Amino acid sequence: MPYVDGFVLAVPKSRLADYKDLARRAGTVWKDHGALSYVECFGDDIPPGKLTSFPLAVKAEPDEIVVFSWITYASRAARDEINAKVIADPRMKCDMENMPFDGKRLIFGGFETVVEM
């Protein structure tokens, strides 16, 4: 079963076009290096929650959209190899001061698939 990297972040509504451009470039790079899939989703029906929620997790401001995304790989070993290539790829060089989201509020992690139907 595939290995999955998952991400949750908040993007200002005024920067959504910039984020889409970055996501398209990143998706191309990941796929070029062997990722099975690359998916970016903008929140559409996300309850705010009182104790836990996607917006609370990333401290989303009223003018921000929550983004949920994932990348799939054949295995954890494949993910580690692909991510090393992605980091070294010159197409991934970017101005960290001008990112279309606050990287300090990015949540990410690697997940082993246990059920896939």
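Analyst: A residue is termed buried under 20% relative accessible area, exposed over 50% and partly exposed in between, using a 1.4 Å probe and protein chains only. By this criterion Lys59 is exposed, with a relative accessible area of 60%. This is a predicted model, in which local features need pLDDT of at least 70 and side-chain atom pairs count only at pLDDT 80 or more, whereas totals for chains, interfaces and linings use all residues. Residues are numbered from 1 along each chain as its sequence is written, and side-chain values use heavy atoms, with hydrogens and water left out.

Helices (H or I, at least four residues) and strands (E, at least two) are DSSP runs, numbered from the N terminus. The helix selected here is α1, residues 16-32. Its buried residues are Leu16, Tyr19, Leu22, Ala23, Ala26, Gly27, Val29 and Trp30. They fall within an arc of 165° seen down the axis of α1, so they line one face of the helix; the arc is taken from the directions from the helix axis to the C-beta atoms. On the other side, Ala17, Arg24 and Asp32 are exposed. Covering the buried residues of α1 are elements including β1 (3-12), β2 (37-42), β3 and α3 (76-88), where contact means heavy atoms within 4.5 Å.

A nonpolar core is a set of buried Ala, Val, Leu, Ile, Met, Phe, Trp, Tyr and Cys residues joined through side-chain atoms within 4.5 Å. The largest such core has 21 residues, and Tyr19 and Trp30 are among those with the most contacts inside it. α1 gives the most to this core, with seven residues.

Conventions. The expected span of a helix is 1.5 Å times one less than its number of residues.
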